[in-house]
Amino acid sequence: MMSHSSWNHQDSGQESKTTTDSSSRSSRSPNVAPAAANGDVPMKTTAPSRGSQSLIDRFLACFRSDGQPRTIPQKLARVEPKSYFANERTFIQWSSSALWLLSVAAIIAERESQDSVTHLTNTGIALCVGSIVLLIHAIAMYFRRIKHMQTGNPNGYVDKFGPIVLTAVVFLGVVVLLVDKTKSVVFHANRGSGGLLRSETGTCVLRSNEGVSALMYEPSDVAVDDENDLLLTASLTHVFGHSRKDPMAPIRQLIDIDGTDLEGLTVAEGRIFALSEPSDASSVPMLFELAWQEDGGLLRVAQQFRLEANGGESSEGIAYVPGNMNGDGLGSLYIDKGSGQLNLYDLPPPAAQQTAEDGGADSESTTTRSLTRKDGLNRRLITSGLIDGKIGALYFFEGVMYILHDNDSVLRAWDLSAGSIISEISLPRVLEGEHQWEGLAIERNQAGASGLRGSNDASSLTVHMTLDTPPEVWSFSVHEGRQIGELIFPECAGVN
């Protein structure tokens, strides 16, 4: 058995060892001092050894006297001069992304699908707001990083908000564009699958352009002049005449109106009217009444009228509607204002009557008068369900208003009194594209008449249409469908 002295010897040794270990740990551990009351960095003091502290004491030692967590002071970040240039490049890249996003928003806003105008417009506005948010965020992050570099703060340089917003907004814009483009492709794919337009004697007749260079010919509309047995076409500053009976006969220039861009033609009570679209946003559409000269078989300007401003938009369609259709005894001119908007004007008095009202002015001088708009049609209704809605030509025939939407490759027949669509006809498909049909005129081949050369159906209708690029004038022998206004193109037109 171990003696009492031995126990004392071991105890004293253990105590000596414990004391030595505690002193050693105390010497290796950092000195800790309580936080100063004024928040300054405390002076170094000798802290109690870790071994003599309880768990609660060690937990409480992690806090200052004011209850805030103790943090280890960090060294100032070392900032090199090139860091400022890197910050500027980052800001420029974010600004470029915001500007690119703004461009996408503008494209979407311009693509106003008429069956979902609100959807695309709101999407464009949302993308514009997103680009503004990115710009604000970019400039905020730029100055934030400048401040951190100047103060030596090593934290706060990582951007977690910007990439998320940019990705989300770009994804939204791309999806909207893809959906809209897919819708457009499907829309045009359903507009006929009968192949491309081809010339065929008696049914699909391509008229000759002999007599004028293709570089100077851009037929934008066509009208039927029964009295002179001609097809009149408007092209740039000119009006040309095609023979109705002989499609291969040379064409001839009838008039050149300097400074105009003739887009529409119509014949009203034997009087010829030509519509010129504005050249820029500051000009206005002009309407010219043309009359035949007595000696040379050419046309001259009998009257000219100034229409209301339309912001420089294209005005390409004009049609005459007799007075009994309006119920007021007066004939009306339906004129395209642009973007699918149709305005109504009273048919102006003949030139001789205007001259008498002006006190017998010189008939050789042409005075420009203003033509006052009397009414308009519902643009949303006219362009409903279309991708673009732009009007390329108008023609009123046997109580039906035909509206040609060139960019949508469709011809719509309207009942003006009921305000409803009677029929919707796909346009002939051409190799060069589906968006270039510009002019329209319809006539009935009466019994005993020759109709199109080579055609055996004297009771059919003939539809005349023009392409501005390439410059072509086509005549189609069509049949009427079961409904009034329904036109059935032949197979050679490529719409069946």
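**Surface, strands and cross-links in a predicted model**

Cysteine 128 counts as partly exposed, at 27% relative accessibility; here buried means under 20% relative accessible area, exposed over 50%, and partly exposed in between (1.4 Å probe, protein chains only). The structure is a predicted model, in which local features need pLDDT of at least 70, side-chain atom pairs count only at pLDDT 80 or more, and totals for chains, interfaces and linings use all residues. Residues are numbered from 1 along each chain as its sequence is written, and side-chain values use heavy atoms, with hydrogens and water left out.

Isoleucine 125 lies in helix α4 (residues 117-151); helices (H or I, at least four residues) and strands (E, at least two) are DSSP runs, numbered from the N terminus. With a relative accessible area of 48%, isoleucine 125 is partly exposed. A nonpolar surface patch is formed by Ile125, Val129, Val133 and Phe161, which together have about 340 Å² of accessible area. Such patches are made of residues with over 30% relative accessible area and no salt bridge, with nonpolar side chains (Val, Leu, Ile, Met, Phe, Trp, Tyr) joined within 5 Å and like charges within 9 Å. The areas come from the Shrake-Rupley method with a 1.4 Å probe, and for residues only the protein chains shown count as cover.

Turning to the strands, β2-β3-β4-β5 is the order of an open sheet of 4 strands with antiparallel pairing, where two strands pair if DSSP finds at least two bridges between them. The edge strands β2 and β5 each pair on one side only. Neighbouring strands of this sheet are turned by 25° against each other on average, direction ignored; axes are lines fitted to C-alpha atoms, for helices over the stretch in contact, and angles run from 0 to 180 degrees between N-to-C directions. Between β2 and β3 the antiparallel pairing spans 6 bridges, and valine 222 stands opposite threonine 233 in β3. Elsewhere, β10 (residues 318-321) pairs with β11 (residues 332-338) in the antiparallel sense over 4 bridges, with alanine 319 opposite tyrosine 334 in β11. Strand β10 is covered on both faces: Ile318 and Tyr320 are buried on one side, Ala319 and Val321 on the other.

The whole structure holds 13 salt bridges, each a side-chain nitrogen of Lys or Arg within 4 Å of a carboxyl oxygen of Asp or Glu. One of them joins aspartate 226 to arginine 244, with the closest N and O atoms 3.1 Å apart. This pair links the loop between β2 (219-225) and β3 (230-235) to the loop between β4 (238-243) and β5 (252-256), 18 residues apart.

Glutamate 289 and arginine 271 form another salt bridge, with the closest N and O atoms 2.8 Å apart. Here glutamate 289 in strand β8 (residues 286-292) is linked to arginine 271 in strand β7 (residues 271-276). Both partners are buried: glutamate 289 at 6% relative accessibility and arginine 271 at 13%. Aspartate 406 and lysine 390 also meet in a salt bridge (2.6 Å, N to O), and these two residues are buried as well.

Finally, the search finds 1 disulfide, defined as a pair of cysteine sulfur atoms within 2.5 Å. The bond joins cysteine 204 to cysteine 492, with an S to S distance of 1.8 Å. The torsion about this S-S bond is about 80°, so the disulfide is right-handed. Cysteine 204 in strand β1 (residues 204-206) and cysteine 492 in the segment after β22 (487-488) are 288 residues apart, and both are buried.
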